Amino acid sequence: GRARLEAVFDGTQEGVFFLKGPSAYTTRVDIDPVEWLAECLGGLAGEAEEILATPDELLFRPISITYNPREAHFIDHLLGAEVVDISTEPNECNWQVNYLTTPVGELAPIDLAAHPVWQDTMRFAEALLAYDMPAVHVGMPTISSALNIAMNLYGQEFLIALLAEPAAADHDLRVINDLLVAIHQWYIDNVPLDQLQPICADSRYQPAGYGQLCACSAQLISTATYAEHIMPLDAEILALYPHGGMVHICGNHTHQIPNWRAMPGVRAIQFNFPATVDFLQYWTELRGDQVLYLDHREEDLPLKHMLAGTDNGRRCVFVGDIPADFDPEN
């Protein structure tokens with residue numbers, strides 16, 4: 001499966017590539033992550049046995065475990081924002097963040113090494129590596145991107161600052177990105193690259209040596225604003241990895257295609273529905289070495305339609321199970 005995925009990225013693929021791997025995942029903070037890890041291994045062993053017993057030449061099913069405290073608000077919490085769980089269901093979480101009350105431009109760096117949540121996150125990764133199971137991948141938490149985190153911290157006030165007080169906005173973006181770089185660098189330095197994967201590795205798994213960032217908020221700013229204020233920061237993160245990496249989107253980002261086409265470090269775009277509906281524009285307008293990770297929701301966007309628009313799935317990873325009526329020969 002990994003060799004076939006490499007072929008998708010280097011342009012030598014044969015056939016359609018499907019991806020859906022088993023994953024253990026939690027965002028809870030009321031548990032010890034190392035104990036939770038130990039509890040997950042039995043279930044994942046069963047998944048591995050099933051994969052080995054029922055091999056599939058088309059569907060790649062890599063295994064990953066991810067400790068992602070506070071989910072999309074992991075970084076927000078590190079930077080001092082109040083993150084609360086509003087779920088009313090036992091053992092389930094719905095994390096939300098309260099905006100900072102300080103003005104844009106006053107965000108201060110943190111002592112990452114001393115932060116207890118980061119210490120737990122490192123402890124989890126180190127414990128997983130100690131099991132010496134190279135086929136089980138270390139999923140990183142939601143490190144996200146500088147723009148996403150700024151929007152989490154300030155909401156629309158940050159967009160106003162980008163226009164009215166760009167120096168203040170750039171100051172906070174720099175503080176955020178320095179933190180993101182430090183976290184990525186720790187993983188690169190401490191986890192073998194062939195075992196390291198981004199958040200949601202079950203649907204965003206890449207070959208070894210590729211990074212990932214979340215660009216959900218890029219739909220809210222213009223092409224020019226992204227190029228001036230955000231592109232250098234995103235490029236800095238992807239440049240940490242030997243082969244660049246992936247940009248995740250989940251909205252209407254087609255106006256950012258020129259920026260991502262111009263960034264050598266952007267090697268893949270990963271779509272969550274409904275962003276997938278614009279797949280043809282991305283496939284046509286991106287570079288020939290950029291890969292698309294596509295949801296194929298049969299009720300909304302049939303696979304046969306996507307295959308017809310992408311030269312039978314060339315440069316594509318289709319995320320999800322193989323449809324029952326799929327015929328690889330036709």
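**View 1. Threonine 254 is buried, with a relative accessible area of 18%.** The model shown is predicted. Threonine 254 sits in a loop. That loop runs between β10 (245-249) and α10 (257-262). Leaving aside residues up to four places away in sequence, threonine 254 touches Asp278, Gln281 and Tyr282.

**View 2. Helices α2 and α4 pack at an angle of about 35 degrees.** Helix α2 spans residues 33-53, and helix α4 spans residues 116-130. Their axes lie 9 Å apart. The crossing is right-handed. From α2, the contact involves Pro33, Val34, Trp36 and Leu37. Facing them in α4 are Asp120, Arg123, Phe124, Ala127 and Leu128. By class, the residues of this contact are 7 nonpolar and 2 charged, with no polar ones.

**View 3. Cysteine 214 is in no disulfide.** The structure as a whole holds 0 disulfides. For cysteine 214, the nearest cysteine sulfur belongs to cysteine 216, 5.3 Å away. A disulfide here requires sulfur atoms within 2.5 Å. Cysteine 214 is buried, and its relative accessible area is 6%.

**View 4. Cysteine 316 is buried, with a relative accessible area of 0%.** Its closest cysteine sulfur is in cysteine 250. The two sulfurs are 19 Å apart, so they are too far from each other for a bond.

Notes:
Residues numbered from 1 in each chain as written. Predicted model: local features only at pLDDT ≥ 70, side-chain atom pairs only at ≥ 80, totals over all residues. Heavy atoms only, no water. Helix = DSSP H or I, 4+ residues; strand = E, 2+ residues; numbered from the N terminus. Buried < 20%, exposed > 50% of the residue type's maximum accessible area, 1.4 Å probe, protein only. Contact = heavy atoms within 4.5 Å. Axes fitted to C-alpha atoms, helices over the stretch in contact; angles between N-to-C directions. Left-handed = near helix turned anticlockwise from the far one by under 90°. Nonpolar A, V, L, I, M, F, W, Y, C, P; charged D, E, K, R; others polar.
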